[in-house]
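Reader: I have a model to read and some questions about it. Can we go through them one at a time?

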Amino acid sequence: MTGEVILRAQGLTRHFGGEGDLVARGLMRLGLAKPRPVVRAVEEVSFDLHRGEVLGVVGESGCGKSTLGRMVAGLLPPSAGRLDLPGGVATGRGAGAAGQGGGAGTANGTGPTDADTQDRGAALPMQMIFQDPYASLNPRKRVRDLIGEAPRVHRIAKPGEIGTYVQDMMERCGIDPGYRDRFAHEFSGGQRQRIGIARALAVTPEILVCDEAVSALDVSIQAQILNLFMDLRDEFGLTYLFISHDLAVIEHIADRVLVMYLGRVVESGPTEALFSDPAHPYTRSLIEGVPRLDRRRKVFAPIEGDIPSPLDPPSGCAFHPRCPLAVARCVSEPPALRDMGQGRLAACHLAGAPSQTDATDTEGETAWPATPTG
Amino acid sequence: MAPVLDLKALNTGFFTAAGEIPALRDVSFSLGRGEILGLVGESGSGKSLTGFSITRLIAAPGRVTGGEVLLHGQDLLRLGPEAMRRVRGAKVAMIFQDPMMTLNPVLRIGTQIRDALLAHERLGRAEVRARAIAALDQVGIPSPEARLKAYPHQLSGGMRQRVAIAIALLHAPDLVIADEPTTALDVTIQGQILALVQRLCRERGTALIWISHDLSVVAGLADRIAVMYAGRIVEIGAVDDLLDDPAHPYTQGLIASVPTPGRRQARLAQIPGRMPALTDLPPGCAFAPRCPRAQAACEAMPAMTPAGEGRMARCLYPLTGGAA
Ligand SMILES: Nc1ncnc2c1ncn2[C@@H]1O[C@H](COP(=O)(O)OP(=O)(O)OP(=O)(O)O)[C@@H](O)[C@H]1O
Ligand SMILES: Nc1ncnc2c1ncn2[C@@H]1O[C@H](COP(=O)(O)OP(=O)(O)OP(=O)(O)O)[C@@H](O)[C@H]1O
Ligand code: SF4
Ligand code: SF4
Ligand SMILES: [Mg+2]
Ligand SMILES: [Mg+2]
């Protein structure tokens, strides 16, 4: 069960492009470069993360999931907004240890930095697990070093006990400790993902940011890794920000869900309520469109239209060009993220409180789905 | 009615210094007009190779070493290169996960459609243009006339896949083989492509082999499902029969490992271990090292045996519809 708030994001925002770095600005001033358009990757995202919960993040490609995850993990500084760790969790250098080879990620990790954690024998509070376990593991290192290096540097385990510490981590993540002298490329995708997880856990984080951590795996291996995540939560009280484009995975693992569209949260709430009675038309279309084992020979009635470009977001409600329920107001006026009660939020002019939604449903039965195929 | 495709005991191997790698063994199924077969299995099980073997697009050191690929009764494996070229594209078409396997990055969309049309038909300029516009229109590309001038990189991933589908369907083929064409796409765009392919195949009676590692996608699309494991089909049957009452322990394991609504946060069933490498197959049933029902007899290769109405399974101790 979930506990106190351990991470609070308020108005987290990240833009790319525009002014650019020093060199780009210099070139622009000399007339040698044009200003790059601004990509509003993440706009004013706020949420609380409670100890021991799995907060799922879903949305289409480019909606800002990874950018949000990287900010939360401390790998990318926000353009605006703040991240607080009210539970007194030591803020640290974020996920460098589990990132690409340990260095690249931390270079720009100027997020919530607390210089002296680097030298204390302290846990790193946040770790990130990536989609491609191969890319994130240095192929020239043996498993025992991949897992053991960070805890040694951060003095989480005593020098003489590193060996047993690594073996313990491997066992917990379902990797035979007999393989500790092998290189990452000698393992299958599922095993590499386990190594990545063992490596992240070795610095005793409190929060794991998982970015498409099971998306590249075959379903039988995916099941093994999802089970492992659930076990680790029970065992260590871990908290997860779990990013996936796969609704079935999110529905399975998350306690609460954030649905993102073009950089913004359009709906959030407890998983069961959100999936059984989505308040936002986008969430509703996503859920109705997702292939499921029990949907046989279905007539697919997908969301029409392409994903809009974040360089040129639509006016008003960003979903309006694809929304089956859009009204004139949606074109001009962006909807605010409103409280729907029962821990739910939705950004849609037409979304009512959950009870009112029921009422509209019975009246306007034919209004949905409003976009038949073809 | 005679089947469109009748695949009989197809064998494909890769010939290396260390000997032949048995990539496909005894792959058999048939497909009627307008029928959709979902071909599923985990990575490396031989799904794509089955498609490439049918269209004879396997590159050295790979080679089809046995069996028959009967298209309307004619064995494609016996056709000469020129005759095979005429079949490919006109009677059998493929759609790939990466639409750039179909599209040329440096040619305009209109040029590519024209070339594809003229490869199999004699048409005048005006006809070519009209056919190209109609082809783009029917796959839901907005303002198709303007798009004829576009290069592939000017289109989104979903749009590129639509163009690839339009090209595949230009000559109204009898059989389309779609190799994971939605795997790289977003859920919403995947839904659009599924709807499109489903509608076009149903309207024209095109037989479709839809290759996917995702059982849920196939459940929504296919009439029948074939499950592959380590180069062989291990079960084939009607969608409902196979998903509701699987006969092969591997099929059952696959189904149980899919997250299902209503069982939130319950432990997922997991198949222990992983698929063996083709160079390291056990002597008998390839699933035996992972199979909860395995017995000594499984050390001999089980044959495909009937497991109920319209269903076959390669298992000595099937979960349903056995000898009884
Ligand atoms: N370093 C960067 N520079 C410029 N633009 C970026 C950068 N990183 C991300 N973006 C842009 O920000 C937007 C959000 O990207 P992000 O990777 O967060 O999306 P995502 O939801 O994770 O997508 P996917 O599902 O494809 O992984 C995209 O439009 C992307 O092109
Ligand atoms: N050139 C080659 N030499 C040796 N083996 C090969 C070669 N090409 C493919 N194979 C083997 O053939 C097997 C079948 O590959 P195939 O691409 O058909 O798998 P698949 O089921 O489509 O997998 P995926 O889901 O990853 O696409 C694989 O185990 C692969 O290792
Ligand atoms: S605000 Fe309007 S366009 Fe946006 S989701 Fe609601 S109904 Fe649709
Ligand atoms: S033949 Fe034996 S090992 Fe193979 S699936 Fe059947 S019971 Fe399992
Ligand atoms: Mg991402
Ligand atoms: Mg393949």
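Reader: Into which domains is chain A divided?
Author: This is a predicted model, in which local features need pLDDT of at least 70 and side-chain atom pairs pLDDT 80 or more, while totals for chains, interfaces and linings use all residues. Residues are numbered from 1 along each chain as its sequence is written, chains are lettered from A and ligands numbered from 1 in the order written, and side-chain values use heavy atoms, without hydrogens and water. Domain bounds come from an automatic or database domain assignment. Chain A has domain 1 (5-260) and domain 2 (262-367).

Reader: How many residues does each domain of chain A give to the contact?
Author: Contact means heavy atoms within 4.5 Å. Both domains of chain A take part: domain 1 with 22 residues and domain 2 with 21 residues.

Reader: What area is buried between domain 1 and domain 2 of chain A?
Author: Buried area is the accessible area (1.4 Å probe) that two parts lose on being put together, summed over both. Carbon and sulfur atoms give 62% of it here. The total is about 2,000 Å².

Reader: Which residues of domain 1 of chain A lose the most area to domain 2 of chain A?
Author: Three residues together make up 34% of what the domain 1 side buries. They are Glu60(A), Leu247(A) and Val259(A).

Reader: Is Leu247(A) buried or exposed?
Author: Leu247(A) sits in helix H8 (residues 247-253) of chain A; helices are DSSP runs of H or I, at least four residues, and strands are runs of E, at least two, numbered from the N terminus. Leu247(A) touches Val58(A), Phe275(A) and Val187(B), among others. Buried means under 20% relative accessible area, exposed over 50%, partly exposed in between (1.4 Å probe, protein chains only). At 4% relative accessibility, Leu247(A) is therefore buried.

Reader: And Val58(A): buried or exposed?
Author: Val58(A) belongs to strand S3 (residues 54-58) of chain A. Among the residues that Val58(A) touches are Lys65(A), Leu247(A) and Val259(A). Its relative accessibility is 2%, so Val58(A) counts as buried.

Reader: What separates the C-alpha atoms of Val58(A) and Tyr261(A)?
Author: Along the chain, Val58(A) and Tyr261(A) are 203 residues apart.

Reader: Which residues touch the most other members of the largest nonpolar core?
Author: A nonpolar core is a set of buried Ala, Val, Leu, Ile, Met, Phe, Trp, Tyr and Cys residues joined through side-chain atoms within 4.5 Å. The largest has 67 residues. Helix H7 (residues 187-204) of chain B gives the most to this core, with 8 residues. The members touching the most others are Trp210(B) and Leu243(B).

Reader: Why is one side of S6 and S11 of chain B left without a neighbour in the sheet?
Author: Strands pair if DSSP finds at least two bridges between them. An open sheet of 8 strands, with mixed pairing, runs S6-S7-S8-S3-S9-S10-S12-S11 (chain B). Strand S6 (92-95) and strand S11 (305-306) of chain B stand at its edges, so each has a single partner strand.

Reader: Which residue is the bridge partner of Met94(B) in S7(B)?
Author: S6(B) pairs with strand S7 (residues 175-179) of chain B in the parallel sense, over 4 bridges. In S7(B), the partner of Met94(B) is Ile177(B).

Reader: Which residue in S5(B) stands opposite Leu71(B)?
Author: Another open sheet has 4 strands in the order S2-S1-S4-S5 (chain B), with antiparallel pairing. Strand S4 (residues 62-71) of chain B joins S5(B) over 2 bridges. Opposite Leu71(B) stands Gln74(B).

Technical notes. Lists of a residue's contacts leave out its neighbours within four places in sequence.
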